[in-house]
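Hello,

Please open it below and read on.

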Amino acid sequence: MDLEEDWMSDEPAGESADVDLLEPEESEPESVYVTLHRVRRLVLASIDDPYTLDHFRQPTLNALIVRPLVDRLYETQNIAIGKAQSPVMFESKPKDGRAKMPSSTVYCLLANRVFFLKSQSGLATQSVNRARSILCELVATRVIRRFHEDNPGNDGLLLLAQILVEGFDPFDGAPHEVEREGRDPQWPVQSRGGYERKLTALELAILSESKAFISSAACQRLVEAVHVGKVVYTPLSFMDILPDHYKHRPIQLYDPRESRILNHRRLIVPRIRALIEMAQFMALVFLYVMTMTNQQAAFNRWELAFAVYTAGWVLQEFASVIEHGWELHSQSLWSFLDVSFAAIYGAYLFARTYDLFAGRLPNGYGLHILCVAAPILLTRIAFNLMPHNIVFISLHAMMRDFTLLTFLAVWCFLGFLLALLWLYDADQAERTPRPSSSSPPPAWPTVGKWLLWIWFGLDGTGIAESTRFNVVLGPALMIAFAFLGNTLFLTILVAILTNTFSHIVTNEAAEIRFRRTVLTFEGVKSDSLFSYPPPFNLVAVLAVLPLKFIISPRFFHTINVAIIRVLNGPLLIAISILERRRLWASENKGPRRSGIFGWHFTGFSPHGDIQAVFTAPLPDEVALRIDLLDPVDDVPVLEDDVMSTLSGDVSRSRLRRPKLLGVRREYPRARPRRRSPLRFQV
């Protein structure tokens with residue numbers, strides 16, 4: 001055996017091959033780098049054919065491929081500890097007394113899915129890599145489901161948070177040469193005290209559009225806890241405009257009664273953040289309406305307020321884009337509307353600067369450009385009010401297909417435009433000397449207008465005027481453009497958009513959960529710039545950011561937090577009072593009696609008994625009778641019982657049956673009444 005130990009070897013150097021292997025609980029934790037390539041090797045060895053999701057869900061492939069991978073990757077419970085990982089992970093320990101650490105298995109599965117999706121360039125392996133990415137998502141969904149089922153309560157919720165929102169470094173555990181060669185070409189990152197270059201499993205799930213994984217009960221449980229602020233953590237980001245990373249708090253459960261009143265971290269809770277952003281956007285719309293209403297004034301104060309406030313709002317949107325990159329930010333429902341409005345605002349500033357020097361402030365060119373923003377702003381309000389509406393979700397998805405097809409149509413449009421212009425020049429060159437009765441050549445805007453009218457089917461002037469270019473080729477080009485643009489292109493466009501809409505409607509629940517997860521993940525902001533409401537964020541960039549290069553990080557953190565608490569003081573007090581008295585009050589109090597004088601009013605519905613029969617207390621004798629009629633051990637649960645008959649092992653459904661028996665004990669109990677033993681005789 002070589003004296004030098006191989007970093008991928010399972011046997012340390014200098015020991016015999018018959019050494020006793022340690023159990024998974026006692027072994028050294030595998031690094032993220034090793035687990036990444038281990039998962040990739042298992043997936044590559046498992047399939048080499050273009051399967052689909054329906055194929056993997058069939059009993060045969062489920063027993064031969066999916067479930068063995070899940071058992072192998074879950075039973076080992078691979079533990080990954082980052083180089084600068086905080087030792088404080090949980091506030092409480094599990095029953096066995098050992099503190100659990102986050103598993104990197106789900107992260108590595110989703111990272112492999114991202115890799116396989118981006119490796120579809122070759123036609124030979126495109127469908128196979130697609131199948132491998134589907135397998136990674138399916139196995140990750142099964143693994144996170146087992147973590148969810150085997151770890152109930154708050155400890156299980158914290159474990160899910162550690163798996164999904166804790167950052168992992170893909171090069172953690174890699175040799176130094178590999179890390180140096182792989183990371184040198186990348187963009188430099190900001191210093192975060194050991195948490196640089198880390199990504200979360202939830203971010204990879206959004207990036208790879210793993211909608212089945214995100215729709216799972218385990219993932220949605222964590223998303224809901226993060227959305228309401230029950231689970232709090234320090235988010236990771238790619239780049240911050242106003243970074244303040246002096247403190248990195250571990251993932252923990254939030255208790256408002258143990259928190260301080262002016263807790264500035266509550267400003268990045270997604271539910272609260274959504275309300276704040278909605279209020280800020282409504283203020284922007286109000287200033288916009290007042291500006292356009294008073295556009296004839298010589299000095300419009302509303303316009304000045306709108307320009308300054310919108311500059312702060314655009315800066316905030318720019319910070320959202322660079323925080324996690326455009327690829328993830330584009331998954332937001334109204335991202336294309338924000339980018340469009342930012343472009344219009346930029347054009348408005350340039351035109352308004354020209355108006356200022358030209359002395360045309362009242363009713364200038366800048367205000368004319370600003371009028372175009374009205375449809376975008378009103379549409380944005382509708383998106384904010386109904387973010388989970390399937391129509392708006394479909395519109396967001398169809399915009400990508402529509403943009404691509406429109407680009408191709410414009411490309412062909414320019415080709416026909418150039419062909420007609422050059423054809424006219426060539427035809428006129430042959431007619432020498434030029435007859436005095438010939439008409440002047442049509443300008444390119446006129447030719448473009450004719451083609452545009454033909455494209456939309458509004459007018460056929462271009463076909464009638466086509467003989468001016470050439471007697472034969474002119475009408476041929478115009479008729480060909482009419483067929484391609486008005487008939488073929490529109491047919492393809494309608495077919496593609498219909499297919500996209502039908503696919504989204506078919507998976508409506510998954511699409512809604514995916515968009516809600518995107519909003520929740522983006523709502524947890526890392527940049528402290530978001531704690532400054534517009535236009536105070538402009539002042540923060542100009543006045544507070546330079547202090548970071550002068551004073552110590554601790555003193556900068558103190559000044560930054562103090563300013564944030566002063567600016568948001570009334571809001572933070574209202575949030576603290578509301579959470580202490582309302583939102584978490586139901587968890588600390590017993591069940592409340594509803595109704596008047598103990599009466600429970602169920603309404604005038606004739607179907608109220610259906611709801612009442614399941615909520616009424618279940619007597620012990622009835623529960624015992626049900627157990628005698630149908631023992632749970634003899635009832636097949638899920639599809640694993642059928643698979644266990646084929647593979648000869650013990651199914652996990654049978655292992656879960658004690659939990660089903662435990663669920664029966666959670667029914668409300670009524671005081672047992674005396675009944676005759678003959679009442680339930682068969």
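Just after helix 10, Gly229 takes a positive phi of about 90°.

Before going further, please keep in mind that this is a predicted model. The mean pLDDT of the protein chain is 78, and 76% of its residues reach 70 or more. Over residues 1-27 the pLDDT is below 50, and this stretch has 18 contacts in the model beyond near neighbours in sequence. Residues 637-682 also have a pLDDT below 50, with 65 contacts counted in the same way. Where pLDDT is low, the predicted coordinates should not be read in detail.

Next, helix 5, which spans residues 126-150 and holds Ile134. Which residues does Ile134 touch, leaving out those up to four places away in sequence? They are Tyr51, Thr52, Leu53, Phe56 and Arg113. Phe56 is 78 residues from Ile134 along the chain, yet their C-alpha atoms are separated by 8.7 Å. Ile134 has a relative accessible area of 15%, so it counts as buried, the limit being under 20%.

Now to the charged pairs: the structure holds 14 salt bridges. Side chains of opposite charge can pair when their charged atoms come close. Here are some of them:

- Arg132 and Asp48 meet through their side chains at 3.3 Å, N to O. Arg132 is in helix 5 and Asp48 in the loop between helix 1 (32-46) and helix 2 (53-56), so this pair links distant parts of the chain, 84 residues apart. Arg132 is buried at 10% relative accessibility, whereas Asp48 is exposed at 56%.
- Arg145 pairs with Glu149, their closest N and O atoms being 4.0 Å apart. Both lie in helix 5, 4 residues apart, about one turn of the helix. Arg145 is partly exposed at 32% relative accessibility, and Glu149 is partly exposed at 22%.
- Asp338 pairs with Arg380, with 2.7 Å between the closest N and O atoms. Asp338 lies in helix 14 (residues 335-358) and Arg380 in helix 16 (residues 373-385), so the pair ties together parts that are 42 residues apart in sequence. Asp338 is buried, at 6% relative accessibility, and Arg380 is buried, with a relative accessible area of 6%.
- Glu303, Arg352 and Asp355 are linked in a network of salt bridges.

Two backbone details are worth a look. Most residues other than glycine have a negative phi, and most peptide bonds are trans. Glu209, in the loop between helix 8 (201-207) and helix 9 (211-214), has a positive phi near 55°. The peptide bond from Pro534 to Pro535 is cis, with omega near 0°, and Pro535 lies in the loop between helix 21 (508-523) and helix 22 (536-544).

Finally, an unreviewed UniProt entry annotates several stretches as "transmembrane region", among them residues 363-383 and 476-497. In the model, residues 363-383 are 81% helix, with their end C-alpha atoms 31 Å apart. Residues 476-497 are 100% helix, and their end C-alpha atoms lie 30 Å apart.

Enjoy exploring!

Best wishes

Terms used:
Residues numbered from 1 in each chain as written. Predicted model: local features only at pLDDT ≥ 70, side-chain atom pairs only at ≥ 80, totals over all residues. Heavy atoms only, no water. Helix = DSSP H or I, 4+ residues; strand = E, 2+ residues; numbered from the N terminus. Buried < 20%, exposed > 50% of the residue type's maximum accessible area, 1.4 Å probe, protein only. Contact = heavy atoms within 4.5 Å. UniProt positions renumbered as here; feature names shortened; annotations may be inferred. pLDDT = per-residue confidence, 0-100.
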